[in-house]
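Subject: Structure for you to look at

Hello,

Here is the structure I said I would pass on. Please open it first; my notes on what was found follow below.

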Amino acid sequence: MSLVEDLVAANRILAEHGVIDAYGHVSVRSENDAKRYFLARSIAPELVSYEDILEYDLDSEPVDPRGKESVRERFIHGEIYKARPDVNAVVHNHSPSVVPFSVTKVSMRPLFHMAAFVGEGVPNFEIRNVQKGTDLLVKTPYLGRALAKTLGKSPAALMRGHGSVTVGESLPRAVGRSIYLEMSARMQLQAIAIAGPRGKIVYLDDKEIQASVPAQDYARAWPMWRAKALASLKPQ
């Protein structure tokens, strides 16, 4: 199984689950050179194929652009890889249930065991604190570094009025976290609606979070997601 094939699958998996729309993107660090990563050209993730994958250095410059247009927000990926040697995959998306938490004072909290990682913290990146008057897109190394700083050691970060970024030590983990972050946000919104403004919601406690997160590599789900995503593609 090639890393490029896995990345093609990741794009299609996230599109299938409604986590990524036409403007989201996912990358993976090179297995051969930690200072390189792979990312699809500027194309809707649902349409990504093998020939759309480009290699970048950590300054987010394409090694060989092959005449293809790069994603404008590729600096999200390069700057996070610089700041987080433990991260080998990055997802940026406009997950619809997550966005409301980025524009309110209601914090995302872990209530669903499959998204226990939420309990490790999901900080909110306020781009206005870094540069005023932007279109909210992270289109420069400067903004990418600021986002990476907000992310810190967390598994995910919100991006105010924009979406979120999710990371993992592997591509399956970053993809799985992105899917379950959306599910967790949707469930929390539902729980808040059911409980009402003064109702009690039972969230995971610290010990439950610590017991759950290490084993959540989504290794059982990944082969199923991957096979379905690649079923319509010709072998590389």
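**Ser 70 and its surroundings**

Apart from neighbours within four places in sequence, Ser 70 is in contact (heavy atoms within 4.5 Å) with Ser 42, Leu 54, Tyr 56 and Pro 62. With Tyr 56 there is also a polar contact, side chain to side chain, at 2.7 Å. A polar contact here is a pair of N or O atoms within 3.5 Å; within protein, one must be able to donate a hydrogen and the other to accept it, and residues adjacent in sequence count only if both atoms are side-chain atoms. Ser 70 sits in the loop between strand E3 (53–57) and H2. Its relative accessibility is 13%, so Ser 70 counts as buried (buried is under 20% relative accessible area, exposed over 50%, partly exposed in between, with a 1.4 Å probe and protein chains only). Helices (H or I, at least four residues) and strands (E, at least two) are DSSP runs, numbered from the N terminus.

Before going on, note that this is a predicted model, in which local features need pLDDT of at least 70 and side-chain atom pairs count only at pLDDT 80 or more, while totals for chains, interfaces and linings use all residues. Residues are numbered from 1 along each chain as its sequence is written, and side-chain values use heavy atoms, with hydrogens and water left out.

**Helix H2**

H2 is largely enclosed by the rest of the structure, because 7 of its 9 residues are buried. These are Phe 75, Ile 76, His 77, Gly 78, Glu 79, Ile 80 and Tyr 81. The buried residues of H2 pack against E1, strand E2 (36–40), strand E4 (89–93), H4, strand E6 (156–159) and strand E7 (163–168).

His 25 lies in strand E1 (residues 25–29), and its side chain makes a polar contact of 2.8 Å with that of His 77. At 5% relative accessibility, His 25 is buried. Beyond neighbours within four places in sequence, the contacts of His 25 include Ile 76, Val 90 and His 92.

**Two helix pairs**

H2 (residues 75–83) packs on helix H4 (residues 141–151) at an angle of about 50°, the axes being 8 Å apart. Axes are lines fitted to C-alpha atoms, for helices over the stretch in contact, and angles run from 0 to 180 degrees between N-to-C directions. H2 is therefore oblique to H4 (under 35 degrees counts as roughly parallel, over 145 as roughly antiparallel, 65 to 115 as roughly perpendicular and the rest as oblique). Residues making the contact include Phe 75 and Ile 80 of H2 and Leu 147 and Leu 151 of H4.

Helix H1 (residues 3–16) and H7 have axes that come within 8 Å and cross at roughly 90°, so the two are roughly perpendicular to each other. Among the residues in this contact are Val 8 and Arg 12 of H1 and Trp 222 and Trp 225 of H7.

**Two positive phi angles**

Leu 136 is not a glycine, yet its phi is positive, about 75°. Leu 136 lies in the loop between strand E5 (124–125) and H4 and is partly exposed, with a relative accessible area of 21%. Tyr 218 also has a positive phi, near 60°. Tyr 218 is in the loop between helix H6 (206–212) and helix H7 (221–230) and, at 6% relative accessibility, counts as buried.

Regards
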